[in-house]
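Please open the model in your viewer and prepare to select residues by number.

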Amino acid sequence: MSTHPVKIAVVTGANRGMGFEIARQLADNGVRVVLAGRNREAVVEAAKKLRGSDLDVEALVLDVTKTDSISAAAAEIESRYGRLDILVNNAGIRIEEYGKQPSEQPLRQWHETFDTNLFGLVETTLAFLPLIRKSTAGRIVNVSSLLGSLGTHSDPSSYAYSPMFKSLPAYSASKSAVNSWTVHLAYELRETPIKVNAVHPGYTKTEMNEGAGDLEIPDGARTSVSMALLESDGPSGSYVHMGDVVPW
Ligand code: NAP
């Protein structure tokens, strides 16, 4: 019998898409996973589905754009477990329309996108950080995107150098900002056991892409899962996809 306590993970946006699959794969690896989602019914249903496969999961209501919801979720984890080992910041939105010029995307979409993808992620992380500091091996995984890579965006040989992927300026900038936050927080925590990394999951067939993509959802979840389960000699402040470093 293992003497190690079971690791506790929170995955945001876990009611569907890659978040749901990240939760499944972490639970398959023996982690107790708390599926967090903004819609109670959807997240309870998602947790029920995984429990039906004998996986050790629970549901938690968490809307990353609402301060009250974030603090209630952190308080709930504190009272259930007193600590948090893994936080996967997966919740995200892509509301811009493909095919428009960057200058044609309305400013309100910048606000909405940043509220979820950046401010929601930062606020959620800050709320859980005191609990992650209580873990012996805290891991924070920020689900970014290749579209957050300025190096890739400005490389004419990259597939991001195309009208389709240049039509999401707010989404792309929100992920670049997530990358920057990742580097800053990793620096602050460099003398602690906590590792903070950004991942590009891969272009994956989820609702966000209306089913388009190169990867099936289980493969899209793999990079986040591997960074959530990093050993103590793993990197911090990195930006990776399937084990390879992605250019900032
Ligand atoms: P998805 O199927 O659209 O799922 C997005 C998830 O985020 C849903 O569970 C959604 O919940 C949740 N969410 C949205 N706003 C939220 C909020 N305010 N509070 C809490 N949860 C919220 O998308 P996905 O493709 O799985 O994307 C997961 C992550 O991967 C995102 O960060 C995305 O940017 C990133 N990503 C995706 C791809 C790709 O090709 N799919 C590529 C690179 C990066 P509801 O059901 O309540 O809406």
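Over which ring does the charged end of R190 sit? Select R190 and Y187: the charged end of R190 lies over the ring of Y187, 3.9 Å from its centre. A charge sits over a ring if NZ of Lys or CZ of Arg is within 6 Å of the ring centre and within 35 degrees of the ring normal.

This is a predicted model, in which local features need pLDDT of at least 70 and side-chain atom pairs count only at pLDDT 80 or more, while totals for chains, interfaces and linings use all residues. Residues are numbered from 1 along each chain as its sequence is written, and side-chain values use heavy atoms, with hydrogens and water left out.

Rings of Phe, Tyr and Trp (its six-membered ring) pair if their centres lie within 6.5 Å; planes under 30 degrees apart count as stacked, over 60 as edge-to-face and the rest as tilted. By this rule there are 5 aromatic pairs. Select F114 and F119: their ring centres are 6.3 Å apart and their planes stand at 55°, so the pair is tilted. F114 is buried at 16% relative accessible area, whereas F119 is partly exposed at 46% (buried means under 20%, exposed over 50%, partly exposed in between; 1.4 Å probe, protein chains only).

Next, select F165 and Y203, an edge-to-face pair with 5.5 Å centre to centre and 85° between the planes. F165 is buried, with a relative accessible area of 7%, and Y203 is buried, with 16%.
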